[in-house]
Amino acid sequence: MDLNQNEDVFSAFVDEYQKNFFDMLFRFESKAEPIKEAWTREDGRGHGLTCVIQDGNFFEKAGVNVSRITIPLSQGIYQQMKGRRVPGSNLDQIDMNNLAQYDTYANGVSLVIHPINPFCPTVHANFRTIRIKERETGKLIDSWFGGGSDLTPIYLFDEDAKFYHQNIKDAIVEVTGDDKLYRQYKKECDEYFVNHHRKEARGIGGVFYDDFNLESFEKGLQFQKGVAYANLNSYEAILKRRKDTPYNDENVRWRSFRRGRYAEFNLIHDRGTKFGLMTPDARIESILMSLPLTARWEYNYHPKEGTEEARIVGVLLKPVEWV
């Protein structure tokens, strides 16, 4: 399968996944009208489809975005990529004195879902491919997959955390034959989704892989699909479990407080946000669709000892091996 065929196959996957995930949300949402906005960059070198729910009866805010962009390889983007690639990566072939001859192509789907009910968790996922090419010849310099999925509960249900992790682990084992990559990428997730300025995790994790390749494109795509649909199916099952849980004003206050921490991570530490903002003529609405509709910051607030709010904070301060 040649490069162009690979790109077409991956594009078909992300388009299908966006549709299936967004359709799943409307098995819960019955008030909000879907917002779907197709967009094209002014320079013609990128396009996508942003799908959003806002102010619904079930989802406060939810976004599932597909984007495909080609941009010049800049010094900032190169240094970010170079710092994460394994020794011997083909990025070493790049002429640092003439970065303008290279293009970066990014193709992927990303989502963040914020339900209204505080007992329904936030979920985040993205699945992408990155390629570096010579602009004039189209020669491929390097390519890789990236992405992952993770869960951010407002209130912790151990069975939901175990269920989510088990399904992702099972999907990875089905493709690779063992749980090595689950363990590796679970650890990377625990280390990445952290508000380092607070020494506190954003959620209870999942898997995160910035750059990876398996022995073939087909195998890598199978891996991406496995994690993607484990995320979708697990999240739908968890929403079904928790959707009718009664809640009060204090639960909503805690939800807003935790969403403030979510916003802090996305604005301060998230590499995807930084990559997007470094992109010339960046589409800000799509980049920041991950932010919650409402959030709360209270000075020096700490939950009372022995409460459910305090229990989840304890878990966020020390990662748990859920399976």
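Okay, let's start with helix H6, which gives 5 residues, the largest share, to the lining of the second largest pocket. Quick note: this is a predicted model, where local features need pLDDT of at least 70, side-chain atom pairs need 80 or more, and totals for chains, interfaces and linings use all residues. Residues are numbered from 1 along each chain, and side-chain values use heavy atoms, without hydrogens and water.

So what's a pocket? On a 1 Å grid over the protein atoms alone, a pocket is an open set of points where a 1.4 Å probe fits, with protein on both sides within 12 Å along at least five of seven lines; lining residues have an atom within 4 Å of a point. Helices are DSSP runs of H or I, at least four residues, and strands are runs of E, at least two.

Back to that second pocket. It holds about 280 Å³, and among its 16 lining residues, Arg198, Phe257, Arg261, Tyr301 and His302 are the closest to its centre. H6 (249–268) and helix H9 (308–317) each supply at least two lining residues.

Cys120 counts as buried because its relative accessibility is 0%, where buried means under 20% relative accessible area with a 1.4 Å probe, protein chains only. Cys189, at 1%, counts as buried too.

Key
Buried < 20%, exposed > 50% of the residue type's maximum accessible area, 1.4 Å probe, protein only. Points joined across faces, edges and corners; volume = space filled by probe spheres on them.
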